Amino acid sequence: MSSNTFQLSDSTMSPVPDGKGMRVGIVVAEWNDNITKALLDGAVKTLKENGVESGDIKVEVVPGSFELIYGSAQMVKSGEVDAVIAIGCVIRGDTPHFDYICQAVSSGIAELNVSQKIPVIFGLLTTNSQEQAEERSGGILGNKGDEYAVTALKMIAFSRRINK
């Protein structure tokens, strides 16, 4: 489904759970910080709007998107959060660096999701241009940070249902 017509928070399949008592960690990359800061702001705003207390949101910064894997793993291991949102942005350039970083982060986050007990939300924005990144971080296509937060809340609720 096209991202310009679908917003996860508007989904009728399942409502956004109340975040009261949920603890959410966010690991955010500094690289492309004009984009990642906007995504972070969107995620934090949505978490708060859905009942997560400010003190239950833990934000840590890592240098780049590749470091999201380590940062997320350490936050999971801390035992202080119920889910982790990994936020980064990689914009395609003239070299294959984009492909290597995107593949590594995708694989690393996937591995964390199958090997750990709490969900790690894939918040790596991958675009072909700065303009596309801006459109998805508060521009005409909304803020994907909002979707990352909604996904975290839904996955925490899912985890709690399954692991009763």
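Student: What makes Ala-29 and Val-62 a facing pair?

Tutor: In this predicted model, Ala-29 stands opposite Val-62 in E2. Strands are DSSP runs (E, at least two residues), helices are runs of H or I with at least four, and both are numbered from the N terminus. Residues are numbered from 1 along each chain as its sequence is written; local features need pLDDT of at least 70, side-chain atom pairs count only at pLDDT 80 or more, totals for chains, interfaces and linings use all residues, and side-chain values use heavy atoms, with hydrogens and water left out.

Student: How do you know that E1 and E2 pair?

Tutor: Two strands pair if DSSP finds at least two bridges between them. E1 and E2 (residues 57–62) have six, in the parallel sense, so they qualify.

Student: And what makes E3 a partner of E1?

Tutor: E3 (residues 83–91) pairs with E1 over five bridges, also parallel. Within E3, Ile-87 stands opposite Val-28.

Student: Why is E1 called largely enclosed?

Tutor: Buried means under 20% relative accessible area, exposed over 50%, and partly exposed in between (1.4 Å probe, protein chains only). Six of the six residues of E1 (residues 24–29) are buried, so the rest of the structure largely encloses this strand. On one side these are Val-24, Ile-26 and Val-28; on the other, Gly-25, Val-27 and Ala-29.

Student: Why is Ile-162 called exposed?

Tutor: Ile-162, in helix H5 (residues 144–162), has 56% relative accessibility, so it counts as exposed.
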